[in-house]
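The sequence and model are shown first.

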Amino acid sequence: MFMIDYKELAWQYWFITACFLTAGIAGYQIGFYLAIGLTIIQTIHFAIRKKSIIAFPVQVRFSYLILLLIALPQPMQFIYWIPTIGTWAQEIFGYCAMARLVSLFPWNREKRLSLNTITKTFFSKPTHGSVAQKKRQTN
């Protein structure tokens, strides 16, 4: 049930990001900026680590960064609740909605986009490792 993997660098990045976002939601505006900064660092780090800017983990982090930037203007900051809750869900239960969404991008899937594909993608059990790899193994 719980997928807390505190020894993994990726888990540590996401944990700190979730803490920063929680601080932002609690009224400490700097938390949002720190979360954005750490996400930029994390995205660059994984691009170097994977030796590719199009690797799935990089796509997830870049998409997450875009969401954080969209939510930055004051009238849009209610959106920060989405990545805050989502990041805590990832950290505790291993369910990453962003990775599931990114796996549905046309270049990341082999099947036609259908209601069945979307349902399977979002309602399948959390898994260790890449959602994209797991989807390819079950196809």
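## Cysteines and helix packing

The whole structure contains zero disulfides, a disulfide being a pair of cysteine sulfur atoms within 2.5 Å. This is a predicted model, in which local features need pLDDT of at least 70 and side-chain atom pairs count only at pLDDT 80 or more, while totals for chains, interfaces and linings use all residues. Residues are numbered from 1 along each chain as its sequence is written, and side-chain values use heavy atoms, without hydrogens and water.

The closest cysteine sulfur to that of Cys 19 belongs to Cys 96 and lies 17 Å away, too far for a bond. Cys 96 is likewise in no disulfide. Accessibility is classed by relative accessible area: buried is under 20%, exposed is over 50%, and partly exposed is in between (1.4 Å probe, protein chains only).

| Residue | Relative accessible area | Class |
|---|---|---|
| Cys 19 | 32% | partly exposed |
| Cys 96 | 17% | buried |
| Lys 51 | 77% | exposed |

Lys 51 has a positive phi of about 55° although it is not a glycine. This residue is placed in the loop between helix 2 and helix 3 (56-70). Helices here are DSSP runs (H or I, at least four residues) numbered from the N terminus.

The axes of helix 1 (residues 9-25) and helix 2 (residues 30-50) come within 7 Å and cross at roughly 160°. Axes are lines fitted to C-alpha atoms over the stretch in contact, and angles run from 0 to 180 degrees between N-to-C directions. Helix 1 is therefore roughly antiparallel to helix 2, a term for angles over 145 degrees, whereas those under 35 degrees count as roughly parallel. The crossing of helix 1 and helix 2 is left-handed, meaning that the near helix is turned anticlockwise from the far one by less than a right angle.

Contact means heavy atoms within 4.5 Å. Residues of helix 1 that meet helix 2 include Tyr 13, Trp 14 and Phe 20, and those on the helix 2 side include Phe 32, His 45 and Arg 49. The residues of this contact comprise 14 nonpolar, six polar and one charged. Nonpolar covers Ala, Val, Leu, Ile, Met, Phe, Trp, Tyr, Cys and Pro; charged covers Asp, Glu, Lys and Arg; the others, Gly among them, are polar.

Helix 1 also packs with helix 3, at an angle of about 5° and with the axes 14 Å apart. Helix 1 is therefore roughly parallel to helix 3. In this contact, Ala 10, Trp 14, Thr 17 and Leu 21 of helix 1 meet Arg 61, Tyr 64 and Leu 68 of helix 3. The residues involved are five nonpolar, one polar and one charged.

Notes:
Helices (H or I, at least four residues) and strands (E, at least two) are DSSP runs, numbered from the N terminus. Angles under 35 degrees count as roughly parallel, over 145 as roughly antiparallel, 65 to 115 as roughly perpendicular and the rest as oblique.
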